Amino acid sequence: MEENDNKKQKKPVVAVCYDFDKTLSPDNMQAQGYLQTIRYENQDEFWKETNELARANCMDSNLAWMYLMLKGARGKEIFRRDMLARYGAQVKLYDGVCDWFDRINKYGEERGVIVEHYLISSGLKEMVEGTCIADKFTRIYASSFFYDDAGVAIWPAQVVNYTNKTQFLFRISKGVLDINDDAVNDYFAPDEIRVPFTHMVYVGDSETDIPCMKLVNSYGGYSIGVYDPRTGDKSRVLKLMDEGRIGYYAPADYKEGSEMDALLKSMIDRTAK
């Protein structure tokens, strides 16, 4: 949902911001069909090659994997937006994710709170647009390609990495959602802030989410670390908890009645009060 009235609302707004890979989906989006098509049966090989390319050329690692995705398609796929959306439709999501957003929105409405959902991901926007949840987000902030007149990707248009993710939190807070709008740097009086950080939730899974988690935490908001409920491995989120990066953690189970469901609803309740 790209269009949004970003003016200050009369009702309180809770902005829930999500990472994607291993937060809403159990694996990296590129590894759920696309990498196998371009010869990488083992995704570790792709990420190893990405890291080597980035180090050898003083290159941003996101630009490195975007280049390798583009290069790998030669002779196998025409690298188009609709092709990426097709692979995005194959991406698995954690249990409950598909109906999570509507349920949470309804819960907020019943308590006089507007709930908005934002994706802030280093993954590919075009692949996210192929999933069943693409239209549930007020904005999708993610890496993307620039396409020529024939609709073929030829250059990166946007690169989102773990350090520049934080700018989008300020955009959401101030209601300056367009990525090219420099007004995000303007001073906003407290009564002009559309979504105070105290009404913001950030949901992520790992070290790449630390800048966003820490920022939201430090301004009085809520940061939630999630872990894979299939393995039950809490090591990452416990480390984030010990270091003060997050205030809460839960399994990435988004079904009604789950721990995650109860946790977010309690945050909505606090905002309503």
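A disulfide here is a pair of cysteine sulfur atoms within 2.5 Å. With that cut-off, a search of the whole structure turns up 1 disulfide. This is a predicted model, in which local features need pLDDT of at least 70 and side-chain atom pairs count only at pLDDT 80 or more, while totals for chains, interfaces and linings use all residues. Residues are numbered from 1 along each chain as its sequence is written, and side-chain values use heavy atoms, with hydrogens and water left out.

Which cysteines form the bond? Cys98 and Cys132 are joined, S to S 2.4 Å. The pair links distant parts of the chain, 34 residues apart. Cys98 sits in helix α5 (residues 97–110). Cys132 lies in the loop between α6 (125–128) and β3 (139–147). Helices (H or I, at least four residues) and strands (E, at least two) are DSSP runs, numbered from the N terminus.

Now look along the S-S bond. The torsion for Cys98 and Cys132 is about -75°, so the disulfide is left-handed.

Cys98 has a relative accessible area of 44%, so Cys98 is partly exposed. Cys132, at 43%, is partly exposed as well.

Cys17 has 0% relative accessibility, so Cys17 counts as buried. Cys212 is in no disulfide either; the nearest cysteine sulfur is that of Cys17. At 1% relative accessibility, Cys212 is buried.

Terms used:
Buried < 20%, exposed > 50% of the residue type's maximum accessible area, 1.4 Å probe, protein only.
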